[in-house]
Amino acid sequence: LVEDEDPVRMVAERALARAGYQVTAARDGEEGLELVTQGGQFDMVVSDVVMPGMDGPAMVREIRKAAPAMPVLFMSGYAEEQLRAQIDIDNVDFLPKPFSVQQISDKVGAVLAGRG
């Protein structure tokens, strides 16, 4: 889980942990990339799009070099259609902000099940 805003990260982390997921949280793209590339075992990346420093798409492009099939869920307050056109990364899903505890849990479950 990569999110630069503390309150959003804490709510998402708590929601996913309550849903039974083991969550590793990072505050920015650099930290998220380091966690994945330093040998961590991850089933999925959930990331904000816009963050200071390395943003979500830049981080995901680097992660996909090492793990091309890694499922990705981007969280964003921007319009999904606009983001898809700008990001240009295959096989990513989007969750609009603000989201509820149930919405993030459901969406992560769907992405992991291959139903995005």
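Which residues are buried in H2? In this helix Gly29, Gly32, Leu33 and Val36 are buried, where buried means under 20% relative accessible area, exposed means over 50% and partly exposed lies in between, with a 1.4 Å probe and protein chains only. The model is predicted, so local features need pLDDT of at least 70 and side-chain atom pairs count only at pLDDT 80 or more, while totals for chains, interfaces and linings use all residues. Residues are numbered from 1 along each chain as its sequence is written, and side-chain values use heavy atoms, with hydrogens and water left out. Helices (H or I, at least four residues) and strands (E, at least two) are DSSP runs, numbered from the N terminus.

Viewed down the axis of H2, the buried residues fall within an arc of 95°, so they line one face of the helix; the arc is that of the directions from the helix axis to the C-beta atoms. These buried residues pack against H3. At the start of H2, a side-chain oxygen of Asp28 comes to within 3.2 Å of the backbone nitrogen of Glu30. After the helix comes Gly39, with a positive phi near 95°.

Val36 belongs to H2, which covers residues 29-37. Its relative accessibility is 16%, and Val36 therefore counts as buried. Apart from neighbours within four places in sequence, Val36 is in contact with Phe42 and Ile63, contact meaning heavy atoms within 4.5 Å. Val36 and Thr24 are 12 residues apart along the chain, and their C-alpha atoms are separated by 9.9 Å.

Not counting residues up to four places away in sequence, Ile63 touches Leu33, Val36, Val45 and Met70. The largest nonpolar core has 19 residues, of which Met59, Ile63, Phe74 and Ile87 touch the most other members. Such a core is a set of buried Ala, Val, Leu, Ile, Met, Phe, Trp, Tyr and Cys residues joined through side-chain atoms within 4.5 Å. H3 gives the most, with 3 residues. A second, separate core has 13 residues, including Leu73, Met75, Phe99 and Ile104.

Ile104 is also one of the buried residues of H5, together with Ser105, Lys107, Val108, Ala110 and Val111. H5 runs over residues 101-112, which makes 12 residues, and reaches 17 Å from its first C-alpha to its last, close to the 16 Å expected at 1.5 Å a residue. That expected span is 1.5 Å times one less than the number of residues in the helix. The buried residues of H5 pack against helix H1 (6-18), strand E1 (45-48), strand E2 (72-76) and strand E3 (92-96). Just after H5, Gly114 takes a positive phi of about 85°.

The next topic is charge. Side chains of opposite charge can pair when their charged atoms come close. A salt bridge is a side-chain nitrogen of Lys or Arg within 4 Å of a carboxyl oxygen of Asp or Glu, and by this rule the count is 5 salt bridges. One of them joins the side chains of Lys97 and Glu3, at 2.9 Å from N to O. Lys97 lies in the loop between E3 and H5 and Glu3 in the segment before H1, so this pair ties together parts that are 94 residues apart in sequence.

Lys97 also forms a salt bridge with Asp48, the closest N and O atoms being 3.2 Å apart. This pair links distant parts of the chain, since Asp48 is in strand E1 and lies 49 residues from Lys97. Through shared partners, salt bridges join Glu3, Asp48 and Lys97 into one network. Asp48 is buried, with a relative accessible area of 4%.

Glu3 is buried too, at 0% relative accessibility. Its side chain reaches the backbone nitrogen of Glu5 at 2.9 Å. Leaving aside neighbours within four places in sequence, the contacts of Glu3 include Arg9, Asp48, Met75 and Lys97.

Arg9 has a salt bridge with Asp6, where the closest N and O atoms are 2.5 Å apart. The two residues are 3 apart in helix H1 and are thus separated by about one helical turn. Asp6 counts as partly exposed at 37% relative accessibility, whereas Arg9 is buried at 5% relative accessible area.

Definitions and conventions
Polar contact = N/O pair within 3.5 Å; in protein donor to acceptor, adjacent residues only side chain to side chain.
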